[in-house]
Amino acid sequence: MSEQSIPAPPFEVADRPPSRTPSASATSDAPSDTRSDAPLSRQRVIPLRHPGRWIATAVVLVLVAQFAHGLVTNPFYQWGRFQYWFARPVILQGLLVTLEVAALSAVLGLVGGIVLALMRQSRNPILRAVSWTYIWLFRSVPLIVVLLVLYNFSALYKTLSLGVPFGPGFVHFNESALATDLVVATLGLSLNEAAYAAEVVRSGILSVDQGQHEAAAALGLPRGYQFRRIVLPQALRAIVPAYVNQLIGLIKGTSLVFYVSLLDLFGEVQNMGSTYPGDVVPLLLVATVWYVVLTSVVSVVQFYVERHYSRGALRTVPPTPLQRLRVSLRQLRERADFGSTVNS
Amino acid sequence: MTGTTTLTATAAAVEVHGAHKWYGANRVLDGVDLTVQPGQVAVILGPSGSGKSTLLRAINHLEQLDVGHVSVNGELIGVRRHGERLKELGERAILAQRAGIGFVFQGFNLFPHLTALENIAAAPVATGRATREEARATARDLLERVGLADKADAYPRQLSGGQQQRVAIARALAQKPGLILFDEPTSALDPELVGEVLAVIKDLAGSGTTLIVVTHEIGFAREVADLVVFLDGGRILEQGSPAEVLDNPQHPRTREFLSRVL
């Protein structure tokens, strides 16, 4: 029982119990733990074994391996064609359109959502009603319908003009010149997005404690300052995860702009698919991978934004993956050092 | 702090006249008249639900009175005189009035996303009373004054309840108010932390600032108060010096309350 005289290492050496030498367990059979020289308090607890976990792990690993094997070997996927299409200029052009539409609608939708949320919190009943109706309407109408109505908008209104309401107009726009496919697509997505963003922002504002509003009011902070510096930063903690959810939906929702003849990532894939019918599956895989890449980037950004707004809400800010890696590397090194000193 | 006592000799620090307030059918304030002189420490006692907090919150217009009016240093709060009538003030004017009145909450209500220093320095900058540098320097002085000089960069959640309340008091002081209102400042604290907060308030009592404190700390009232007010059912049943109200209460309700609290 030599290892019990070694001072307990400051960390877990491995997740299995210190191995007892077979001779020791053979000579003193049953309660060797209590009769050892070291006091009970200095002994390491033998972790409980979980055979069920190991079996489940094995089953899942086999299934995953089978799936991966099928993915690679099934000729149906045509990985060669996938590789061919993946970074084609046509596809990248479509990707650019997707990014452009998604980014514009995300920003416009969020700004619109904040305005709508503030209108719903307003003391003016007309503003409240307008905001409520807008949200009700745009959450009720399918996005594709919104897009198609906007697409046909120029047939309904030939010109748009700025001027006195119901009176003479000063500036006239030719609708068909103004409403390019990109404008129609972005507008449709933004209108839709704003309705959802409004509710996300409102939920964030509601999540801020009433005492914060009172404290801000009692200090005499100007109204705009109260919202921008006191309420919004705290609301964002609740807003960010919900809005990122919304954003991911938006990124995928951009695939609908194909129907207003804007060639985004999905549009280009569809287009190429009808030109090269044999490549439909690899083309769909190309689109899948690009969408996965986009949402992954958003998720990474989300982590850091959430971390930023957790200041003060958590006693310690969670470590970034890089910091976690550094810590585990240091622990590994310490573990190795400890091992070498024990061996020598 | 209050070297600028440019008050007219007659203006009381706080005057409440005929204050009535209902929450629905529930009458919370039922004709309260209260006068607190500049530099005085007034302690408001009373059972829960007696209208203490509502009265205090009416003084800086966090609550609007249904009937009656409040003036601070002779200036009407939340309304202005228009001939024979009173007109409601705009939000901006009300916020400006509040900036001159400190308020300390039972639940501290520090801004959790700002450090202790930022909590204190925010308002003077936002209301244009100081530049950023001035406000931060003042904030450091105030933190030192409440014994938390080393906690400038701590976030409220990293502080104990007593420390948070001391930061909240420093935050109220940063606006250089002539009047500070305390709404049960120690009720949310562990018994062992009550002392440190009361010590800070006692320290202010000698400084010339007018203090109105809603509390259940009778010992504190006896030691520090110039005026003790006993409120029950939305009415002031008794007021006077600590010796009068605490040691020789006239009203049976006051006696009953004190016997339960002491």
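Is S261(A) buried or exposed? S261(A) is exposed, because 11 other C-beta atoms lie within 10 Å. For this label, a residue is buried if 20 or more other C-beta atoms lie within 10 Å of its own, exposed if 12 or fewer, and partly exposed in between, with C-beta atoms placed from the backbone.

## Getting your bearings

This is a predicted model, in which local features need pLDDT of at least 70 and side-chain atom pairs count only at pLDDT 80 or more, while totals for chains, interfaces and linings use all residues. Residues are numbered from 1 along each chain as its sequence is written, and chains are lettered from A and ligands numbered from 1 in the order in which they are written.

## What the UniProt record says

UniProt positions are given here in the numbering used for this model, feature names are shortened, and annotations may be inferred rather than shown by experiment. In an unreviewed entry, UniProt lists "transmembrane region" for residues 54-72, 92-119, 131-157, 238-260 and 280-305 of chain A. Residues 54-72 of chain A are 100% helix and 0% strand, with end C-alpha atoms 27 Å apart. Residues 280-305 of chain A are also 100% helix and 0% strand, and their end C-alpha atoms are 38 Å apart.

For chain B, an unreviewed UniProt entry lists "domain: ABC transporter" at residues 14-258. That span is 37% helix and 28% strand, and its end C-alpha atoms lie 26 Å apart.

## Chain B as a whole

Chain B has nine helices and 12 strands. Helices (H or I, at least four residues) and strands (E, at least two) are DSSP runs, numbered from the N terminus. The C-alpha atoms of chain B fill a box of roughly 50 × 50 × 40 Å along the principal axes. With 262 residues, a compact globule would have a radius of gyration near 18 Å, and chain B agrees, with 18 Å. This radius is taken over C-alpha atoms, and the globule rule is 2.2 Å times the number of residues to the power 0.38.

Of the 262 residues of chain B, 49% count as buried. Helix α1 (residues 52-59) of chain B is largely enclosed by the rest of the structure, because eight of its eight residues are buried. Just after α1(B), H61(B) takes a positive phi of about 65°.

## Cores and a covered strand

A nonpolar core is a set of buried Ala, Val, Leu, Ile, Met, Phe, Trp, Tyr and Cys residues joined through C-beta atoms within 7 Å. The largest one has 89 residues, and I44(B), I120(B), I212(B), V228(B) and V229(B) have the most contacts inside it. Helix α3(B) gives the most to this core, with seven residues. Apart from it lies another core, of 46 residues, among them A198(A), V240(A), L285(A) and V286(A).

Now look at strand β11 (residues 227-232) of chain B, where six of six residues are buried. In a regular strand the side chains alternate between the two faces of the sheet. In β11(B), L227(B), V229(B) and L231(B) are buried on one side, and V228(B), F230(B) and D232(B) on the other. Two strands pair if DSSP finds at least two bridges between them. Four bridges join β11(B) to strand β3 (residues 41-45) of chain B, and these two run parallel; here L45(B) stands opposite F230(B). Five bridges join β11(B) to strand β12 (residues 235-240) of chain B, running antiparallel, with L231(B) opposite I236(B).

## Where the chains touch

Two residues are in contact if their C-beta atoms, placed from the backbone, lie within 7 Å. By this rule, 23 residues of chain B are in contact with 19 residues of chain A. Helices α2 (91-99) and α3 (116-126) of chain B each supply at least two residues of the side that touches chain A, and α2(B) gives the most, with five residues.

Most residues other than glycine have a negative phi. S261(A), although not a glycine, has a positive phi of about 55°, and is found in the loop between α12 (223-253) and α13 (265-275) of chain A. E184(B) is not a glycine either, and has a positive phi of about 45°. E184(B) lies in the loop between β9 (179-183) and α6 (191-205) of chain B, and counts as buried, with 21 C-beta neighbours inside 10 Å.
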